[in-house]
Amino acid sequence: MDQIRIIGGSPLSGTVTIQGSKNAALPMMAASLLQEGVCVLKGCPRIADVFCMEEILKTLGAVTYWEDNNLYLDCSHIRNFAVTTEYTKRMRSSIMLLGAVTGRMEKGCIGYPGGCVIGKRPIDMHLEVLKRLGAEILEEGGVLCADTGKKGFRGAEIVFEKSSVGATEQGILAGVCALGDTWLYHCAKEPEIYWLGEFLNQMGASVSGAGTDVIHIQGRKKLKGISFRIPPDRIVAGTYICAGAATRGKVILKNPPLQELEAFLKVYQKMGGQYKVNSGKLTTDSSRVGLPVPYLETDVFPGFPTDLQSQVLAVLTTAEGMSHIRETIFEDRFKAARELRKMGADIEVQGQDAWVRGRPYLTGTQVRAEELRGGAALVLAGLGAVGETIISGCSYITRGYEHICEDLAGLGGKIEGNTRKIYEGNI
Ligand code: EPZ
């Protein structure tokens with residue numbers, strides 16, 4: 001059974017703790033391969049994508065184990081350099097392993113990552129970075145290989161043609177293994193890149209400027225295993241604030257990554273949301289939410305994050321008047337609109353634009369999640385709707401949300417689902 005059941009209409013209220021960041025944890029798991037000891041990721045989210053990455057590291061020779069939310073990664077005996085399509089088709093972000101595996105083993109092979117419903121998700125910039133750092137890229141038996149031979153990666157100056165989180169992380173991970181200096185220009189500036197730089201520097205690397213558009217790496221430092229606390233997940237934080245907004249409730253975040261939420265909170269205020277910060281907690285009051293947003297455009301950090309676009313779309317379905325959202329990062333990220341229409345939403349999508357005419361309320365029905373953030377948007381819509389909503393396809397949601405049902409039920413939401421069993425069954 002892969003379903004979440006919701007009875008909508010209860011304004012959420014109470015305090016919630018935000019899980020560790022999925023998009024910070026995944027590159028740190030790749031970085032752990034670069035040392036021959038044990039890394040401990042503290043406060044690591046127990047989610048499907050992390051479990052998948054853990055399985056991949058084990059196929060490479062790592063020994064892994066959990067103590068509550070602390071993930072131990074013993075990378076002293078990495079003996080394999082190939083990640084099969086079995087894993088890469090399940091998790092696109094496995095591509096970020098290519099540079100790290102090649103940096104450790106002189107060669108790395110990764111099954112082609114599938115595209116996904118939010119867009120083509122090409123990897124041309126990943127491969128270009130590795131080539132510029134001295135790897136030969138070849139295809140062997142349907143898998144992509146990078147090979148540096150005995151000489152390994154060599155430092156280089158690289159200018160990214162566009163902002164890419166994954167390609168920037170790829171360049172950092174390979175640059176750390178490269179002989180000499182690497183300079184990366186026009187880098188993505190998402191917080192997860194800053195955190196990857198912090199993680200690697202604590203391991204003994206020399207990475208400066210991570211989180212800005214120019215990154216300088218002095219490669220081939222001796223790296224050691226460390227213990228590192230994963231920062232809270234900014235997208236989960238925004239998702240839960242949107243849950244409060246969809247139900248006109250009052251949600252308090254115990255450990256919000258405030259500096260990473262500025263663009264989102266500006267949009268929350270435009271919708272009528274009010275918030276205040278005291279002693280590190282973020283108190284949100286959505287009793288006045290219901291204003292439309294005349295124009296919202298997703299952008300790279302520090303702009304409004306594409307990963308919160310679907311959640312805001314769900315809230316705007318019951319805002320008075322017309323709202324307009326433009327998605328500029330991915331080609332096809334309005335998938336949730338079709339399912340929201342089944343609940344009575346008035347959304348028109350044309351290419352990268354969605355126009356939302358607010359309705360007094362949505363009505364619960366059967367809907368299907370097709371991807372991670374669109375699935376979360378359906379949960380928010382169900383919480384705010386009249387009647388019962390049944391969401392199928394929840395294994396997408398558990399890829400990124402550790403206990404979305406328990407968290408929202410803890411805030412008074414009438415929601416249940418055995419999502420924990422769902423992803424443990426899938427791994
Ligand atoms: C990361 O994906 C995140 N995933 C995504 O979060 C997030 O939506 C995205 O960054 C943008 O912020 C992880 O960190 C694991 P990109 P990534 O490379 O690295 C194009 C979630 O919901 N591009 O910044 O794959 C690409 O098609 C996920 O948690 C190329 O053209 O995103 C896109 O249009 C979804 N060639 C744009 O760049 C390449 O080689 C930005 O993608 C790589 C990317």
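View 1. Lys 107 has a relative accessible area of 17%, which counts as buried because buried means under 20% relative accessible area, exposed over 50%, and partly exposed in between (1.4 Å probe, protein chains only). A salt bridge here is a side-chain nitrogen of Lys or Arg within 4 Å of a carboxyl oxygen of Asp or Glu. Lys 107 lies in strand E7 (residues 107-111) and Glu 140 in strand E8 (residues 136-140), 33 residues apart. Helices (H or I, at least four residues) and strands (E, at least two) are DSSP runs, numbered from the N terminus.

**About the model.** This is a predicted model, in which local features need pLDDT of at least 70 and side-chain atom pairs count only at pLDDT 80 or more, while totals for chains, interfaces and linings use all residues. Residues are numbered from 1 along each chain as its sequence is written, and side-chain values use heavy atoms, leaving out hydrogens and water.

**View 2. Lys 22 and Asp 49 form a salt bridge between two helices.** The N to O distance is 3.8 Å. Lys 22 belongs to helix H1 (residues 22-31) and Asp 49 to helix H2 (residues 48-60), 27 residues apart. Lys 22 is buried, at 8%. Asp 49 is buried too, at 3%.

**View 3. Arg 234 pairs with Glu 192.** Their closest N and O atoms are 2.7 Å apart. Arg 234 sits in helix H8 (residues 234-246), and Glu 192 in helix H7 (residues 191-203), 42 residues apart. Arg 234 is buried, at 8%. Glu 192 is buried, at 6%. Elsewhere, shared partners join Arg 338, Glu 339, Lys 342 and Glu 370 into one salt-bridge network. The whole structure holds 17 salt bridges.

View 4. In contact (heavy atoms within 4.5 Å) are 21 residues of domain 1 and 21 residues of domain 2. About 1800 Å² is buried between them, 50% of it from carbon and sulfur atoms. Buried area is the accessible area (1.4 Å probe) that two parts lose on being put together, summed over both. In domain 1, Phe 301, Arg 399 and Glu 402 lose the most area to domain 2, together 33% of what that side buries. Three salt bridges cross the interface.
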